[in-house]
Every structure is written in structure tokens, then in C-alpha cells.
Amino acid sequence: MIDHSKAIDALNDLLARNYDAEKGYKQAAEQVEETRLVSWFNSKAQERYDFGHEIKEEIRSLGGTPEKGTTVKGDLHRTWLNVKSALSLDTTEAILEECERGEETFVETYDEALKDTALPASTRSLLIGQRNKAASALARVEQLEETHD
């Protein structure tokens, strides 16, 4: 039997990061007033929820148990988002900046996981697809930040 413990650990880390991102996007949606941003943030929260379920299925298929919960770093990032938006003259700009920072870290986490050359093909395929969607979200949030009034 193949030992997939390293892949399972990486997937559980990504699962926690997806919980973080889902909560962060939900929080961002609650703090902005622009309908298009509320909609976009909610769609990203749903996407991260879906990513999480895909990762859970992959963990189970490798014989592992999905872990629950967010990361301390993610919890601190959301707290900082609240503080920064409360102190900012432009709440939307502050939220977009933090979303950009969060997305950059999110993509980097996927990049790091994909460096493992021993990942099963199904895991690699799943992570590449999710990483590419996250990179698109990063490009979009950068664009939103640039065009924000």
C-alpha cells in the first residue's frame, strides 16, 4: 500500500486555507456596499467552499481524514481586515487590498503544495485546477483594486 500521508497533510493544510478564504470572502461581502463587489465576494466564498469539498473527497480517496477548522494566521488576517476597514477612510479599498494579500498567499500555498513531485495524479490535477482559479481571482481582485474609485 502506498503511503499518502504527506499528500494528506498538504491537502489538510489547503483545506484549512480554503476555510480561511471562504470566511474572509464572506466577511468582505458583509463590509462593502457595492452590489457588484458583494456578489463577487460571495461567489468567491462559494468557490472556496466548493474547493474545500473537493479536497475533502480527495483526502478520503487517499485514505485520510479531513480536518476541520481555520488557521491561526487566517483568523488573524480576518481580524486585521476588521481593524483596517474600521480605521480606513475608504473601507472598500482597504478590503480589496487585504483580499489581494490573502489571494497572493493562497496561490503561494498551492504553489508550495504542487512542488511535491510524489503527489498522486488525481491530487495534482485537482490542485492545479484550484490554483489556476485562485490565480484568476487574484488577477480580478487586482483589477478591482485598480479601478476602484
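Buried means under 20% relative accessible area, exposed means over 50%, and partly exposed lies in between, with a 1.4 Å probe and protein chains only. This is a predicted model, where local features need pLDDT of at least 70, side-chain atom pairs count only at pLDDT 80 or more, and totals for chains, interfaces and linings use all residues. Residues are numbered from 1 along each chain as its sequence is written, and side-chain values use heavy atoms, with hydrogens and water left out.

**View 1. Lys26 and Glu22 pair up in helix 1 (residues 5-31).** Lys26 forms a salt bridge with Glu22 (a side-chain nitrogen of Lys or Arg within 4 Å of a carboxyl oxygen of Asp or Glu). Their closest N and O atoms are 3.1 Å apart. The two residues sit four places apart, about one turn of the helix. Helices here are DSSP runs (H or I, at least four residues), numbered from the N terminus. An α-helix has 3.6 residues a turn, so residues three or four places apart point the same way. Lys26 is partly exposed, at 41% relative accessibility. Glu22 is buried, at 12%. The structure holds nine salt bridges.

**View 2. Helix 2 covers residues 35-61.** It has 27 residues. Gly63 follows helix 2, and its phi is positive, near 90°.

**View 3. A salt bridge joins Glu103 to Arg48.** The closest N and O atoms are 3.0 Å apart. This pair links distant parts of the chain: Glu103 is in helix 4 and Arg48 in helix 2, 55 residues apart. Glu103 is buried, at 2% relative accessibility. Arg48 is buried too, at 0%. Salt bridges that share partners join Lys44, Glu47, Arg48 and Glu103 into one network. Within it, Glu47 bridges to Lys44, with closest N and O atoms 3.3 Å apart. Both Glu47 and Lys44 are buried.

**View 4. Leu138 lies in helix 5 (residues 121-147).** Leu138 is buried, with a relative accessible area of 14%. Leaving aside neighbours within four places in sequence, Leu138 is in contact (heavy atoms within 4.5 Å) with Glu100, Glu103 and Glu104. Leu138 and Cys99 are 39 residues apart in sequence, and their C-alpha atoms are 8.3 Å apart.

**View 5. Thr92 is in helix 4 (residues 91-114).** Thr92 is buried, with a relative accessible area of 10%. Not counting residues up to four places away in sequence, Thr92 touches Val32, Glu34, Leu37 and His148.

Definitions and conventions:
Expected span 1.5 Å × (residues − 1).
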